[in-house]
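This briefing looks at how charged side chains pair and how nonpolar side chains gather in one structure. Please keep the sequence and the structure in view while reading the points below.

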Amino acid sequence: GEEIDSLQKSHVFNMQKLKNSELRLTEAEHKIRELALNIKMKEELIKELVRTGKDAQSVSRQYSLKITKLEQESKQAKMELAETQKWLQELDSKELRDIPEKVKLQKEFRKKMDAATLKVQRQAAELEQNVAQMKHQQTQLQKRLREESEKKKQLEAEIQRDQEQIKVGFFLFIYDKE
């Protein structure tokens, strides 16, 4: 009778241990699923941050190209202005027999020179405005990139911690099983 009683108690004790173990297993599986989902979400966020960084770099490149183009146009306009001024000086120094012709040419060149001067001034103003605008946007983008980079580092650290938790949880579960 005592042996049967002892076996029953042992059986009840083992059944309780099994139930506890199964509860811990379910809990560990749930936590691992939660952590895996968390890791996946954070990895997606990191991908998005990387994409945002590439977009910012692309915008920066486009602005650089636009500035270069405007600078080239400005140089061209300055050259045209210098050329027109030179022609006007040559015309002033020439002895033309036909005074009305000389006056007509001078007026024509002055008109060209005024147009070229206006063009240079406009382009310089546009260039300055664009450069100021681009510098502001560049500052904003750099600030945003710094923030995104910081977020990325934090997320990577969190992922690392989550993965460590999964390992620890798994080893504790295995250890409990033994």
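Helix α1 holds both K69 and E73, which are four residues apart, or about one turn of the helix. In this predicted model, the side chains of K69 and E73 meet in a salt bridge with an N to O distance of 3.6 Å, and E73 counts as partly exposed at 32% relative accessibility.

**Salt bridges**

- Seven salt bridges are found when the whole structure is searched, and side chains of opposite charge can pair when their charged atoms come close.
- E48 and R51 also lie in helix α1, three residues apart, and their side chains form a salt bridge at 2.6 Å, N to O; E48 is partly exposed with a relative accessible area of 37%, as is R51 with 45%.
- K47 is joined to E44 by a salt bridge whose closest N and O atoms are 3.4 Å apart, and because these two residues of helix α1 are three residues apart, about one helical turn separates them.
- K47 is partly exposed at 47% relative accessible area, and E44 is partly exposed at 39%.
- A network of salt bridges links K42, E158 and D162.

**Nonpolar cores**

- The largest nonpolar core comprises eight residues, namely A77, L81, L88, L91, F109, M113, A116 and V120, and the elements giving two or more residues to this core are α1 (2-93) and α2 (99-177).
- Apart from this core lies another, of seven residues, including L35, I39, I46 and L49.
- Leaving aside residues up to four places away in sequence, F109 touches T84, W87, L88 and L91.

Methods
Residues are numbered from 1 along each chain as its sequence is written. This is a predicted model: local features need pLDDT of at least 70, side-chain atom pairs count only at pLDDT 80 or more; totals for chains, interfaces and linings use all residues. Side-chain values use heavy atoms; hydrogens and water are left out. A nonpolar core is a set of buried Ala, Val, Leu, Ile, Met, Phe, Trp, Tyr and Cys residues joined through side-chain atoms within 4.5 Å. Buried means under 20% relative accessible area, exposed over 50%, partly exposed in between (1.4 Å probe, protein chains only). Contact means heavy atoms within 4.5 Å. A salt bridge is a side-chain nitrogen of Lys or Arg within 4 Å of a carboxyl oxygen of Asp or Glu.
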